[in-house]
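Me: Please look closely at one chain in this model. I want its build, and then how it meets its partner.

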Amino acid sequence: MKKIVVLAKQVPDTANITGKAMKDDGTINRAVLPAIFNPEDLNALEMALEIKDKIDAEVHVITMGPPRAIDILKHALYMGADKAALITDRKFAAADTLATSYSLSGAIEKIGDVDLVLAGRQAIDGDTAQVGPQVADKIGFNQITYVSKLQEITDDYIIVQRDGETQTEVIKSKFPVLLTVTDEANNPRYSNCLNMLKFFKSNIPSAFSDDERKIAEENGWVIPSYDLESLELDAEKCGLNGSPTKVHKIKSITLTGGNLEMYDNQHTGIHKLIDDIKKDYIEVD
Amino acid sequence: MQTIVYIEKNPITNKSRFVSLELAYKAYTLMQPSKGEVVGVFVGDSLPEDTDDLFKNGLDRLIYYTDDNLKNLQSIAYKNIIEQIIKSEEPDIVLFGATHNGRDIAPLIASSLRTGLTADCTQLYIDDLIYRKENKGQSLFQVRPAFGGNILATIVTPDNRPMMASVREGVMTLPEKKLNKPVKLEKANVDFNKEWIKNDFLSIIPKIKHVNFDTSDIIVAGGAGVGSKETFNLLHQIAKSLGGEVGSSRAAVDFGFSEKVRQIGQTGSIVRPKLYIACGISGQIQHRAGMEESKKIIAINNDKDAPIFGIAHKGIIGDLNEILPVMLHYLREEE
């Protein structure tokens, strides 16, 4: 059996910023942005589930974040993941990619005997694409990034396509290996209704009262939650303390327009625009 | 001070990638005030054939390690070799192109060296850093868009060395006048173990690039507002009469109006043509990140409040289905 861990992140939906999300001063109103499953992490999860459809495999999904990140773990269970775990601790807050990958690698080691780690290429809130490779380094796995297709998997090896800039590469690797997956790899499946019925009450242990917890455990609704101590991590390597990079300052981007010259949308305006383009950019013999 | 620049080769042209030349020059300008050294590091099967060009853009020295096993990206082997070079050179700064390969190995190296890496920087400068009231001396200030490009964050690495950053192709510029520096090549004195070769490349399919934004003075780009593939075809015709190239926003790709290779923006190409005509592009920050350095921007959109008008120099508010055919008509007139 292959043990697969999928790394997932809950992110603000930065890709669908509409007019309402912009404040009058041109900055972003974070409060109105919904929190979503990072899109390429869904592609990573889908790849794990496709592998499970083909060979004997167990799919674990882990995320690091505040308790509300439980939403994406439930979503993963609805889609067909076998197990989910939340990594949460105030001491993990303000982590850069290095500290994040350290905490995640602790959780992967806690799961133990993992053959394959799958992650989205990058998260839409930071776009760094660094956490996947840094986890691979911490757990000592080989890695293949920018995976755009799962071609073949057997007990001994995996063959994938990697999307290079000038070439597509077909790469075979033995296990263990970590892959980062792009949105071209697949179309993530919908939630399964039976799984939704089964897991809609799922939550972390502390969300249940003592009476409820027994029922929750019997029904498999308890999503384990790990903190710094239970993962036996070094506090100096977590959160802000463990982050070599620090934010020096933040500036909201505001549009600095100015000399906008408008043309009317009738023939006269369009004609003038084309004449201006021709005059400035097209050489006339 | 010393800066190391990771040098990459374009496997199709066998020459240095543009981003490597751009970073060589950026490193040169960063090192100028302190008269610091700029060292290139190359790993692969053979050196790029235009190594002298790297020196004309700012390198003082190029350290290389070549082996037939290193023709294609071997993450673990590349990491181990580059890490050994960094450990022996002890640079203050290490710069990577934020290419698919650069973004593969830079994080491995930063993790292994336990230092900071800032991705996709759009500005880099050196200044004195005061962090928590302590003077950390001359440090690299790394400016990058974050939160989907809605904020610009300045990142510093106060206590760890080297300070590592990646930069996307097209963000930094080349020198106006080439530098006159001697070629100085140096074979890396490092251990190499075949056990580090973990990836078996079964086949390689070159991508044929139909789109060349680098050499286009004019780009005609369309977004979701174009509305249909048929209307998008008008953009191709307009671009053709102007001698330009066609680009698109991510939304236009998602709707199937345009191909992924034409995507401009944070997850596509970064362009800076003389003229950028944005049709039916609202101008979300992710798109602006890829084109706002264009010299002139013309926006055509039916939404007068679209953010694209905030950065445009000329604009028309109206329906593209009516405007584009008229544009084409006047463009073809007198041809």
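What share of the 285 residues of chain A counts as buried?

Reply: In chain A, 46% of the 285 residues count as buried. A residue is buried if 20 or more other C-beta atoms lie within 10 Å of its own, exposed if 12 or fewer, and partly exposed in between, with C-beta atoms placed from the backbone. This is a predicted model: local features need pLDDT of at least 70 and side-chain atom pairs count only at pLDDT 80 or more, while totals for chains, interfaces and linings use all residues. Residues are numbered from 1 along each chain as its sequence is written, and chains are lettered from A and ligands numbered from 1 in the order in which they are written.

Start with the overall build. The C-alpha trace of chain A spans about 80 × 45 × 45 Å along its principal axes. Chain A holds seven helices and 13 strands; helices (H or I, at least four residues) and strands (E, at least two) are DSSP runs, numbered from the N terminus. Take the contacts in chain A with a separation of 6 or more: 70% of them join residues 24 or more positions apart. Two residues are in contact if their C-beta atoms, placed from the backbone, lie within 7 Å.

Helix 2 (residues 70-79) of chain A is mostly covered, with nine of its ten residues buried. Among the buried ones are Ile70(A), Leu73(A), Lys74(A), His75(A) and Tyr78(A). Gly80(A) follows helix 2 of chain A and has a positive phi, near 130°.

Ten strands form an open sheet with mixed pairing, in the order 11(A)-5(A)-4(A)-1(A)-6(A)-10(A)-7(A)-8(A)-9(A)-13(B). Two strands pair if DSSP finds at least two bridges between them. Strand 11 (225-226) of chain A and strand 13 of chain B are the edge strands, each pairing on one side only. Helix 3 (residues 97-111) of chain A lies across strands 1 (2-8), 4 (57-64), 5 (83-87), 6 (116-120) and 11 of chain A. Helix 3 of chain A runs at about 145° to strand 4 of chain A.

Two hairpins lead along the sheet. Strand 7 (residues 142-153) and strand 8 (residues 157-163) of chain A pair in the antiparallel sense over five bridges. Three residues lie between strand 7 and strand 8 of chain A in this hairpin. Lys149(A) has Gln161(A) as its bridge partner in strand 8 of chain A. Strand 8 and strand 9 of chain A also form a hairpin with three residues between them, and they pair in the antiparallel sense over seven bridges. There, Tyr157(A) stands opposite Lys174(A).

The sheet then passes into the partner. Strand 9 (residues 167-174) of chain A pairs with strand 13 of chain B in the antiparallel sense over six bridges. Lys172(A) has Asp200(B) as its bridge partner in strand 13 of chain B. Another pairing between the chains joins strand 12 (residues 246-252) of chain A to strand 10 of chain B, antiparallel over six bridges. Here Ile250(A) stands opposite Ala153(B).

The axes of helix 4 (residues 131-139) of chain A and helix 4 of chain B come within 8 Å and cross at roughly 45°. Axes are lines fitted to C-alpha atoms, for helices over the stretch in contact, and angles run from 0 to 180 degrees between N-to-C directions. That angle makes helix 4 of chain A oblique to helix 4 of chain B; angles under 35 degrees count as roughly parallel, over 145 as roughly antiparallel, 65 to 115 as roughly perpendicular and the rest as oblique. The residues in this contact include Pro133(A) and Asp137(A) from chain A and Asp104(B) and Leu108(B) from chain B. Ala, Val, Leu, Ile, Met, Phe, Trp, Tyr, Cys and Pro count as nonpolar, Asp, Glu, Lys and Arg as charged, and the others, Gly among them, as polar.

The other crossing sets helix 7 (residues 267-281) of chain A against helix 8 of chain B, with axes within 9 Å and an angle of roughly 50°. Helix 7 of chain A is therefore oblique to helix 8 of chain B. Among the contact residues are Ile270(A), His271(A), Met327(B) and Tyr330(B).

Across the whole contact between the chains, 72 residues come from chain B and 64 from chain A. The chain B side has 38 nonpolar, 23 polar and eleven charged residues.
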